[in-house]
Amino acid sequence: MKEERNVLVFRTGQLGDTIVSLPAIHAIRAAYPDHDLILLTPRQEDYLVSPLELLNGAQIFSDVLFYVSPSANPIGLARFFALAVKIRHLRPEAFFYLRGLPWKSTGRDKFFFHVICGIRNCYGLDLPEDDFGLKDEKGYLRRFPSEVER
C-alpha cells in the first residue's frame, strides 16, 4: 500500500492574488513531484473569484480544504479546531503560506499551523510582520521578497 505524502498550500485572496502566486505554486509542485498538493483556501462570496475557481481545472491540487477563520462564537471555534484535526490527520510534510503581504495574523497562523496542526516544515510564516512599507537607510522602500523567493 502506497503511503500518502501531502503538502499543504495556503492561498487566500482573489483573482490577482492567485495569478501572482502561480510561479510559487509551480515551484512547489516541481519540488514535491510525488506528493499530493492540497489547497487550503477560504470560501469566497459568490461575486468573487476564489483561488479554487482559478486553479480547480489545472490539475495541480489533489484536494481542497476550506479555511475557517477563528471567531469568538462557539460554532466558529469548533469549525476552526475541526480544520486542525483534518490537517493533523493529513500529516503534511510541508506547509506553504502564500498569503501575500505580511498580515497581523501571521503570528496566530504560525502558532495554528506549526503548533496546533503539528506541521514541522512551515514556509512563508517567518517574515517580519511590520516591515511592509518601511524604508531602508537610503530612504527607499524595503524590497519585499516575491512568493517564489519565500
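Student: Which residues of the largest nonpolar core touch the most other members?
Tutor: In this predicted model, the core has 18 residues, and those with the most contacts to other members are Leu 8, Leu 40, Ile 87, Phe 95, Phe 112, Phe 113 and Ile 119. At least two residues each come from strand 1 (6–11), strand 2, strand 3 (63–67), helix 3, strand 4 and helix 4 (106–116). Helix 3 gives the largest share, 4 residues. Another core, of 15 residues, lies apart from this one and includes Tyr 32, Leu 37, Leu 39 and Phe 96.

Student: What makes a set of residues a nonpolar core?
Tutor: The members are buried nonpolar residues joined through side-chain atoms within 4.5 Å.

Student: What is Phe 113 in contact with, leaving aside its neighbours within four places in sequence?
Tutor: Phe 113 is in contact with Phe 10, Leu 40, Tyr 67, Ile 87, Phe 95, Gly 118, Ile 119 and Cys 122.

Student: Which residues of helix 4 are buried?
Tutor: Thr 106, Asp 109, Phe 112 and Phe 113 are buried in helix 4. They span an arc of only 125 degrees around the axis, so they sit on the same side of helix 4. Their cover includes strand 1, strand 2, strand 3, helix 3, strand 4 and strand 5 (122–123). Just after helix 4 comes Gly 118, with a positive phi of about 75 degrees.

Student: Why is Arg 91 called exposed?
Tutor: The cut-off for exposed is over 50% relative accessible area. Arg 91 has 61%, so the residue counts as exposed. Arg 91 is placed in the loop between helix 3 (74–90) and strand 4 (94–98). Its phi is near 50 degrees, a positive value in a residue other than glycine.

Student: Why is Val 68 called partly exposed?
Tutor: Buried needs under 20% and exposed over 50%, with partly exposed in between. The relative accessibility of Val 68 is 25%, so Val 68 is partly exposed. Val 68 belongs to the loop between strand 3 and helix 3. Leaving aside neighbours within four places in sequence, Val 68 is in contact with Gly 76, Arg 79, Phe 80 and Leu 83. From Val 68 to Phe 81 the C-alpha to C-alpha distance is 9.2 Å, across 13 residues in sequence.

Student: Which residues make the nonpolar surface patch of about 290 Å²?
Tutor: Leu 15, Ile 19, Val 49 and Leu 54 make that patch.

Definitions and conventions. Residues are numbered from 1 along each chain as its sequence is written. This is a predicted model: local features need pLDDT of at least 70, side-chain atom pairs count only at pLDDT 80 or more; totals for chains, interfaces and linings use all residues. Side-chain values use heavy atoms; hydrogens and water are left out. Patches are made of residues with over 30% relative accessible area and no salt bridge: like charges are joined within 9 Å, nonpolar side chains (Val, Leu, Ile, Met, Phe, Trp, Tyr) within 5 Å. Accessible areas come from the Shrake-Rupley method with a 1.4 Å probe; for residues, only the protein chains shown count as cover. A salt bridge is a side-chain nitrogen of Lys or Arg within 4 Å of a carboxyl oxygen of Asp or Glu. Buried means under 20% relative accessible area, exposed over 50%, partly exposed in between (1.4 Å probe, protein chains only). Contact means heavy atoms within 4.5 Å. The arc is that of the directions from the helix axis to the C-beta atoms.
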